[in-house]
Amino acid sequence: MGERKEVFVTVGTTCFDKLVAAVDSDPVKEALFRRGFTHLQIQIGRGTYIPSKVSGQEVGLDVDYFTFSTSIADHLKAASLVISHAGSGSIFETLRLGKPLIVVVNEDLMDNHQAELAEELANRRHLFFVRGPQLLAQTIESMDLESLVPYTLGDPNDIVAQIDASLRLTSPGEGSVKKEGEGEGAGISKSKAKKDAKNAEKAEKAAQRQQARAATSSVGASESDETDPLSPNYGDIPVEDIQSKSITGRTWTDVGELCAEMKDKNVLIRGAAQAIRPVSKKMAFLVVRQSMSTVQCVLVVSKDVVSPQMVRFATSLSKESIVDVEGVISVPNEPIKGTTQQVEIQVRKLYCINRAVPNLPINIEDASRSETEFKKAEESGEQLVRVGQDTRLNHRVLDLRTPANQAIFEIQSQVEKVFRQFLESEGFRGIHTPKLIAGSSEGGAAVFKLDYKGQPACLAQSPQLHKQMTICGGFGRVFEVGPVFRAEDSYTHRHLCEFVGLDVEMEIKEHYFEVCDIVDRLLVAMFDHLNKNCSKELESINRQYPFQPLKYLPRTLRLTYDEGIQMLKEAGVEIEPMGDLNTEAEKKLGKLVSDKYNTDFYMLTRYPLGIRPFYTMPSYDNPAYSNSFDVFVRGEEIISGAQRVHLPELLTKRAEQCGIDVKTISTYIDSFRYGAPPHGGFGVGLERVVMLFCGLNNIRKSSLFPRDPQRLTP
């Protein structure tokens, strides 16, 4: 079998259908085959182009088509030749790898962007320019892969001639007519001959200019900066300057604070380069993002303020690079689309703190799209890149930068804040319990077992045992925010192997409804706070993941387990006697309650004892039931709570009935032998609160770095 020689065609994150169509044509494939290439990888991009054939063997080549790849770098490394359009960030990575590269120049880029690109790539080897995709097959046939001529920028007005000279090619003229019986060189019109002569003269002059510049190429790239008096106002910051070298006392402004009242004020911001848009050699736009806020920064060439080199520096930045921008606030006459702040910064200084790689594994714009956008695109025949859940989680650092994710985790932070503040106002004390324990805290086999210095141990399924022990220790009322571990093989939208538990335990004076009252007031206070103080975040989430606002009552609805079962039976749903509600039953009951009581938030009390943990107190009037409750939001269980067994003999009996080795929890049981008050409590997953309040369809969206049965990284 011969050596694999692969060609990779990239259109980057934008569309250049003409290039894709040209490469997908038989003449180009035949030219590649004749030059010894065996495999062709074509990135179709986001355009409207549809391949004429499916992936397979064509014209002697193995051809593969794909719309997007998260491993562009791997394709580039494997390639023997790369074909790219002028706007693709893959150009620079290809040159760094020393790969032969054909850059196809679009006609409408000749006047500005392409001239800058050519200058940026001056004196690089292994580089060809093609004016339009129509000459691609000819270039492939004629290119010399062994002794490539470096390309050097000359007069920007002669860029077309320079490209032709670098390729030793000229475009076919429109007036060329081949008469019958004449050879390839015959039948050229006078006008065509004159045009060819003129082009040849241009090419010769361009080649002379190239040679002259090649002699001074050692200083070429840096010379423009040295001769620019404004060069101190822009550039990449040296590493030593960001190693806590000094404290300057400069005043920084958050992007979210920029407003019209700051007009004509000089500001200094730091953020990520979300979008870079060159308009011409003398003007460019840069959108800078900080958290959920974005602002448009404008660079316009102006004497003693902004130089062409500074504009070129701005357009060379890669997306997501961290930049410092200093400039003056201006207020445009028309609303600014695509940014949160309705002001602009007229840039005076621009520094890059850290450059992102040119080819990001996921595009923030793609990861921010809503289902509504995809539906509209589908209806119009447009192709959009959909970033799947696994891809998002594989590159979570980038995924977290989307506006919706920024908002989700601000909501999560506020939920924890209200949880702490409310409980502290009710006389609760924060505690921290161990996560390495000798035995199961919940019963069952769903525990992560480990060796603890020669002793069997496991990760705590909840802080249940130890928070009860603190009540026995006289703490009265306690709460904890901490990790919880469940080794269940649950591949559902709402289960995780590790989550953040919000746990509460308290003394009971008379009735376990005292615990229910705390749950009622806590959750209502939490929901009120989010609606009142997080409207911006909720709007941001709603744009990408549309949801209906949560319906809840000032005093939470309470139904007994039996009342809930009866509602289901009347609706024709069969439920196992004294059994737990499955997911479908929970959803159905949630719908029934919402329709009847106009609330998405309610409690079910007095559950059967047989489906509750061993430490749950039986009911006084019927031992088949228990003093327990669950809380539901949008038809899904969110909280589980109960009065606890505080009598050691009954606790021992219940543990044995549930299959728990009493020896492993002996210290827990012994704590009730020294006098223990009646008490109860509850636990709720932080991620589940956020998921259900925001109407998200998967708990992984509300978990910072989710851990499920199949995911241990990142």
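Student: How many salt bridges does the count come to?

Tutor: The count comes to 29 salt bridges. Keep in mind that this is a predicted model. Here is the general idea. Side chains of opposite charge can pair when their charged atoms come close. Now a case. R386 forms a salt bridge with E371, and the closest N and O atoms are 2.5 Å apart.

Student: Where do D503 and K467 lie?

Tutor: Start with the contact. D503 and K467 meet through their side chains in a salt bridge, at 3.0 Å from N to O. D503 sits in strand β19 (residues 498-507) and K467 in helix α16 (residues 464-472), so this pair ties together parts that are 36 residues apart in sequence.

Student: Is D503 buried or exposed? And K467, buried or exposed?

Tutor: The cut-off for buried is under 20% relative accessible area. D503 has 8%, so D503 is buried. K467 has 2%, so K467 is buried.

Student: Which parts of the chain does the pair of R494 and E636 link?

Tutor: The side chains of R494 and E636 meet in a salt bridge at 3.8 Å, N to O. R494 is in the loop between β18 (477-485) and β19, and E636 is in strand β23 (residues 636-643), 142 residues apart. Both R494 and E636 are buried.

Student: Which residues are linked in a network of salt bridges?

Tutor: E365, D366, R369 and E373 are linked in such a network.

Student: Let's turn to strands. Which way do the side chains of β2 point?

Tutor: General idea first. In a regular strand the side chains alternate between the two faces of the sheet. Now β2. H39, Q41 and Q43 point one way, and L40 and I42 point the other way. Strand β2 (residues 39-43) is mostly covered, with five of its five residues buried.

Student: In which sense do β1 and β2 pair?

Tutor: Strand β1 (residues 6-10) pairs with β2 in the parallel sense, over four bridges. To place the pairing, find V7, which stands opposite L40 in β2.

Student: What is the strand order in the open sheet of three strands?

Tutor: The order is β15-β17-β16, and the pairing is antiparallel. β15 (436-437) and β16 (449-452) stand at the edges with a single partner strand each, so one side of each has no neighbour in the sheet. β15 pairs with strand β17 (residues 455-459) over two bridges, in the antiparallel sense. Within that pairing, I437 has C458 in β17 as its bridge partner.

Student: Now a helix. Which residues of α2 are buried?

Tutor: In helix α2 (residues 26-34), V28, K29, A31 and L32 are buried. Look down the axis of α2: the buried residues fall within an arc of 160 degrees, so they line one face of the helix. After α2 comes G36, with a positive phi near 95 degrees.

Student: Where is a positive phi found in a residue other than glycine?

Tutor: Take S244, whose phi is near 55 degrees. S244 is in the loop between β8 (234-236) and β9 (266-280). At a relative accessible area of 74%, S244 is exposed. Another case is N598, with phi near 60 degrees. N598 lies in the loop between α20 (583-597) and β21 (601-605). N598 is partly exposed, at 48% relative accessible area.

Student: Which residues does a cis peptide bond join?

Tutor: Read omega here. T713 and P714 are joined by a cis peptide bond, with omega about 0 degrees. P714 lies in the segment after α23.

Student: Last feature. Which residues make the nonpolar surface patch of about 250 Å²?

Tutor: V397, L704 and F705 make that patch. L704 is found in the segment after α23 (686-693). L704 has 39% relative accessibility and counts as partly exposed.

Note on methods. Residues are numbered from 1 along each chain as its sequence is written. This is a predicted model: local features need pLDDT of at least 70, side-chain atom pairs count only at pLDDT 80 or more; totals for chains, interfaces and linings use all residues. Side-chain values use heavy atoms; hydrogens and water are left out. Two strands pair if DSSP finds at least two bridges between them. Patches are made of residues with over 30% relative accessible area and no salt bridge: like charges are joined within 9 Å, nonpolar side chains (Val, Leu, Ile, Met, Phe, Trp, Tyr) within 5 Å. Accessible areas come from the Shrake-Rupley method with a 1.4 Å probe; for residues, only the protein chains shown count as cover. A salt bridge is a side-chain nitrogen of Lys or Arg within 4 Å of a carboxyl oxygen of Asp or Glu. Buried means under 20% relative accessible area, exposed over 50%, partly exposed in between (1.4 Å probe, protein chains only). The arc is that of the directions from the helix axis to the C-beta atoms.
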